[in-house]
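The following explanation leads the reader through one structure. Please consult the sequence and the model while reading.

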Amino acid sequence: MFKLNSFTASYSISPLWLQVIAVAIWVSLILLSAAAARRFAKSDSEIVRKIVHIGTGNVILLAWWLDIPASIGISASILASLVTLLSYKFPILPGINSVGRKSLGTFFYSASIGVLIGWFWYLKQPFYAVIGILIMAWGDGLAALVGQRFGKHKYSVLGGQKSLEGSLTMTVVSFIICILVLQSVQGNTGQNLLISLTIAVVATALEAISFLGLDNITVPLGSAALAFVLNQLINN
């Protein structure tokens, strides 16, 4: 039914050691980039956080393309979640949690990756997990940077301050991610445009109303779940 099977078939032959090495290399590049940014942008810890935020999210693409087993992805998510929890007490991840506010956002982010891998790898439809994580990585990450740099039209939701510029960025980026992933799997259909637009709007709303870092779990889980439900209703 889906083009996903043919899309991933060529990657499924990758041996486990090669899969692990590919992910390790990518994570190392993220950490090196974050360290360099931390050195040259000392006054802007948010830049460091977003490098890690966006870069880490892209690991889901490697997991999809290389057909990494769910057990590996879930184990890595559990380990990352434990490390992030410890980092709130000990300086394990310097600069990543120091953003002037208390939240469990980094932990929620790590946990959401494991939840989505466990969910959609089991259903053999991993592209839904890809949609959820990439929306969180790129949509939320770029929305925060645009909002901080160019956000002139502010609004408040549940005590949190957002900007129209940041929210618009979230919507546009989320739409682009959805349409690219869905069309790579299912082909170019009009239904994908409707599904992508709906997910983009809902993801933006979830990001706006979430607080204390909860958007790191409500956005990826909500986006992936909505994509799955809408696709079943519209395309089946």
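What pLDDT does the protein chain average? The protein chain averages 83, and 84% of the residues score at least 70; pLDDT is the predictor's confidence in each residue, from 0 to 100. This is a predicted model, in which local features need pLDDT of at least 70 and side-chain atom pairs count only at pLDDT 80 or more, while totals for chains, interfaces and linings use all residues. Residues are numbered from 1 along each chain as its sequence is written, and side-chain values use heavy atoms, with hydrogens and water left out.

Confidence is highest in helix α8 (residues 164-186), at a mean of 95, and lowest in helix α1 (residues 4-9), at 45. Helices are DSSP runs (H or I, at least four residues), numbered from the N terminus.

Helix α6 (residues 105-122) packs with helix α10 (residues 215-235) at an angle of about 25°, their axes lying 7 Å apart. Axes are lines fitted to C-alpha atoms over the stretch in contact, and angles run from 0 to 180 degrees between N-to-C directions. The helices α6 and α10 are therefore roughly parallel (angles under 35 degrees). Their contact (heavy atoms within 4.5 Å) brings residues of α6, including F108 and W119, to residues of α10, including I217 and F228. By class, this contact of α6 with α10 has twelve nonpolar, three polar and no charged residues; Ala, Val, Leu, Ile, Met, Phe, Trp, Tyr, Cys and Pro count as nonpolar, Asp, Glu, Lys and Arg as charged, and the others, Gly among them, as polar.

Terms used
Helices (H or I, at least four residues) and strands (E, at least two) are DSSP runs, numbered from the N terminus. Angles under 35 degrees count as roughly parallel, over 145 as roughly antiparallel, 65 to 115 as roughly perpendicular and the rest as oblique.
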